[in-house]
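Reader: Please take one part of this model and go through it closely, with the cut-offs stated.

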Amino acid sequence: MNRFVIALAASAALLSASLAPVHAEVDVATLKKAIAASIESSYPQLDALYKEIHAHPELAFQEVKTAARLAAEMRALGFEVTENVGKTGLVAIYRNGDGPTIMVRTELDALPMEEKTGLDYASRDKTNWGGREVFVAHSCGHDIHMASWVGTAKTLLGLKDQWRGTLMFIAQPAEEIVAGARAMIVQGLFTRFPKPDAAFALHAGPFSHGTIFYRSGVGSSAADGLEITFHGRGGHGSAPHTTVDPVGIAARFIVEVQSVISREKDPNEFGVVSIGAIHGGTAPNIIPDSVQLSGTIRTFKPEVRAKLHAGIERTAKAAAAMSGAPAPDITMAEGTKSVVNDPDVVTAAADVLKAAFGDKFRVSPPGTASEDFSEYAGAGVPSMMFNIGVYDQERIDAARNGGPPIPSNHSPLFAPVPKPTIETGITAMTLAVLSAFDRRKGK
Ligand SMILES: [Zn+2]
Ligand SMILES: [Zn+2]
C-alpha cells in the first residue's frame, strides 16, 4: 500500500548505506527523507536566492537580472541553458540517458505594486511600466516558485541514479499578463527543444504550508479581457440636456452587466465579470465625450463564456441606446484558457504525493484565477499544476477566529514563510517528476 516503487540505485550522499541497496524498492517515506537531506544541505543558498529575488523583482518581459541569475544557477548544476526564449525566458536541459522528457516550469515575473509586508527583505524597487514609475513586488509568490525550481533541479540531480531521461526546466516570463507561455512556444519551446512527455508547475497560495491542493481536469478559469468605450457628446455640467452623458451610460452598464451573471447564467455554473478600471472626464463641471472601461471575464466552460460575451455586448449596446448615444466600441480579447490537468499524469503523481503528505494532500475545487500554464497543455503536453500553502497554521487559525485576515496573492501584505514553503515545493515537485519518469518507464 502506498508504495512508490522505483528502482533505486545507491545515492550515497543522500541515503544512508543501510537504505541504499541498488535497485531496491523504496517506499515514499524513505524517499522523502532522502529529499529532506538534500534540501537541508542546499537550503542556505536557496534562502539567499529567494530573498535576493524577492528584494529585486522585475515585471513581465523585463526579467533580465532574474533570468540571468537562474541561468547561472542551472549552469552551475550542469544544465545546458538557452536564454532569451520568449524574450526573457530560459530553457535548461539535463540529459540522463534514454527516457521521457519531463518539464518543470517556474514563472519569472512580479507585479506593479508596492510591497507593505515590512519584511527586512521586502522590495523597495521601482521601474517604468507603461510610461509610469511603479513599485515592483513579488506578491504572487513567483519567487517561491523560482527557489523551489532550483531546489528541485538540485535534488533530482542528487537522485539521478533513480531516473532515466531528460529534465527540461523552463523559466517563463510574463505570467501575470498571461503572455509568456505563448511567447516561449512561438519562439520554439517545443521545436528547438524536446517536446515533453509531461509538464508540472506549482503555485503558492494563502493556506498553511505543508498542505497541497490539486485536482484532475479543469483547474483554473479561462480569462478574457474586456474593453469598452462609451461615446457621448461633451458639454457643460450645468446643462446636461445639451449633452449625451457617457459617465451615466458607463455607470448604468457597470450595474446592469451583473444581471447577465445573476439572471442569464445558470447559477450552478461559474462565471464572473469584473470591471477593474474606469477612465473618463477631467473636471467636475465638464461632461466628457467618452468613457473607457476595462474588465475581465472568467469562466470554466466554453458555452458559459459564449453566453457571457453575448450578454455583455447586448447590455453595453442597450445602455448606450437608452441615452440616444452612438453604439459603443466593444473588444473582448481572448486571454488564456483553463488549465486542464491530465488525469493520467495526476493519478501517477497523486499516488506518490498522497503517500508523502497524507491528508495534507487534498483535492480542491477549480480556482477562479487564470494561468497561462494552460498553453502547454493546449500545445499537447499532458500537464499538472498544483498549489502549495505559505502561512503558519496558527495564523490561519487566528484569522478564522476573528484575527487579522490572511493576505492573499496580489495583496501588498502577501508574505510566505520561506523555509517550510520552499521545502514543500521541492519535496512535492521532486516526487511529482519522479512519478512521471516512473509512469513513462517501459512505455
Ligand atoms: Zn499573480
Ligand atoms: Zn502567480
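Author: Cysteine 140 bridges two zinc ions, ligand 1 and ligand 2, which lie 3.1 Å apart. The model is predicted, so local features need pLDDT of at least 70 and side-chain atom pairs count only at pLDDT 80 or more, while totals for chains, interfaces and linings use all residues. Residues are numbered from 1 along each chain as its sequence is written, chains are lettered from A and ligands numbered from 1 in the order in which they are written, and side-chain values use heavy atoms, with hydrogens and water left out.

Donors here are N, O and S atoms within 2.8 Å of the metal (3.2 Å for Na, K and Ca); water is not among the atoms, so sites may look incomplete. Cysteine 140 sits in the loop between β5 (132-135) and α3 (142-158), and histidine 410 in the loop between α10 (393-400) and α11 (418-440), so the pair ties together parts that are 270 residues apart in sequence. Helices (H or I, at least four residues) and strands (E, at least two) are DSSP runs, numbered from the N terminus.

Cysteine 140 is buried, at 8% relative accessible area, whereas histidine 410 is partly exposed, at 40%. Buried means under 20% relative accessible area, exposed over 50%, and partly exposed in between (1.4 Å probe, protein chains only).
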